[in-house]
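Subject: Structure handover

Hello,

Here is the structure I said I would pass on. Please have a look before reading my notes.

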Amino acid sequence: MAEKKKVKKEKEPDITFYHPDLLAVPENEPPYLKGYKCKKCGQLDFPKVAPCPNCWGEEFEMVPLSRKGILYSFSDLYIGQPGLETPYICGYIDLPENVRIFAMLKGEVNTFKCDEEVELTTGQIRMNADGLPITSYMFQKA
Ligand SMILES: [Zn+2]
């Protein structure tokens, strides 16, 4: 007797999140980056820098950062490495909280412009050693 064929497709491998301490992805809500505010002097950093480079404080409060910012600068990159397909785009994003974020940009090369508005999203930044996608924060055109 022939076995009944499986109708359901095999479960996709779990996506591996990179930097879960820096990126929050709440269910049914947009993702946000976690800024860390020094409880002593109020300096806000992303990622967390401990001790605080301004006052050597060691206690921090997590502050959700704005999801939109201005693209300060970027590069289209054509040289990859294992697990990283080319071309890809990296840039610096200035958030209203006066924090500059370094991140990969989601989109096509030759389409970004400095000073344009971008917003936080998530996406595949590379593959791990097993060939599974690693998802983390990225920015895309707002
Ligand atoms: Zn401080």
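This is a predicted model: local features need pLDDT of at least 70, side-chain atom pairs count only at pLDDT 80 or more; totals for chains, interfaces and linings use all residues.

Metal site

The zinc ion has C38, C41, C52 and C55 as its protein donors, each through SG, at 2.3 to 2.4 Å. Along the chain these donors follow the pattern C-x2-C-x10-C-x2-C. The arrangement is tetrahedral because the angles subtended by the four donor atoms run from 99 to 115 degrees, and the criterion asks for all angles between 85 and 135 degrees.

- C38 is buried, at 2% relative accessibility.
- C41 is partly exposed, at 34%.
- C52 has a relative accessible area of 1% and is therefore buried.
- C55 comes to 18%, so C55 also counts as buried.

As for cysteine pairing, a search of the whole structure turned up zero disulfides.

Salt bridges

Side chains of opposite charge can pair when their charged atoms come close. The count here is two salt bridges.

One of them joins D94 and R100, with 2.6 Å between the closest N and O atoms. D94 is partly exposed, its relative accessible area being 25%. R100, at 41% relative accessibility, is partly exposed as well.

The other is formed by the side chains of K141 and E116, at 3.1 Å from N to O. This pair links distant parts of the chain, 25 residues apart: K141 belongs to strand β10 (residues 133–141), while E116 sits in the loop between β8 (99–105) and β9. How accessible is each partner? K141 is partly exposed at 37% relative accessibility, whereas E116, at 18%, counts as buried.

Strand β9

T121 is part of strand β9, which spans residues 117–127. Is T121 buried or exposed? Its relative accessibility is 12%, so T121 counts as buried. Which residues does T121 touch, leaving aside those up to four places away in sequence? The contacts are P31, K106, S136, Y137, M138, F139 and Q140. Among these, S136, Y137, M138, F139 and Q140 fall within the range of strand β10, residues 133–141.

Regards

Conventions: Residues are numbered from 1 along each chain as its sequence is written. Side-chain values use heavy atoms; hydrogens and water are left out. Donors are N, O and S atoms within 2.8 Å of the metal (3.2 Å for Na, K and Ca); water is not among the atoms, so sites may look incomplete. Four donors count as tetrahedral if all angles lie between 85 and 135 degrees; four count as square planar and six as octahedral if opposite donors are over 155 degrees apart and all others between 65 and 115; anything else is irregular. Buried means under 20% relative accessible area, exposed over 50%, partly exposed in between (1.4 Å probe, protein chains only). Helices (H or I, at least four residues) and strands (E, at least two) are DSSP runs, numbered from the N terminus. Contact means heavy atoms within 4.5 Å. A disulfide is a pair of cysteine sulfur atoms within 2.5 Å. A salt bridge is a side-chain nitrogen of Lys or Arg within 4 Å of a carboxyl oxygen of Asp or Glu.
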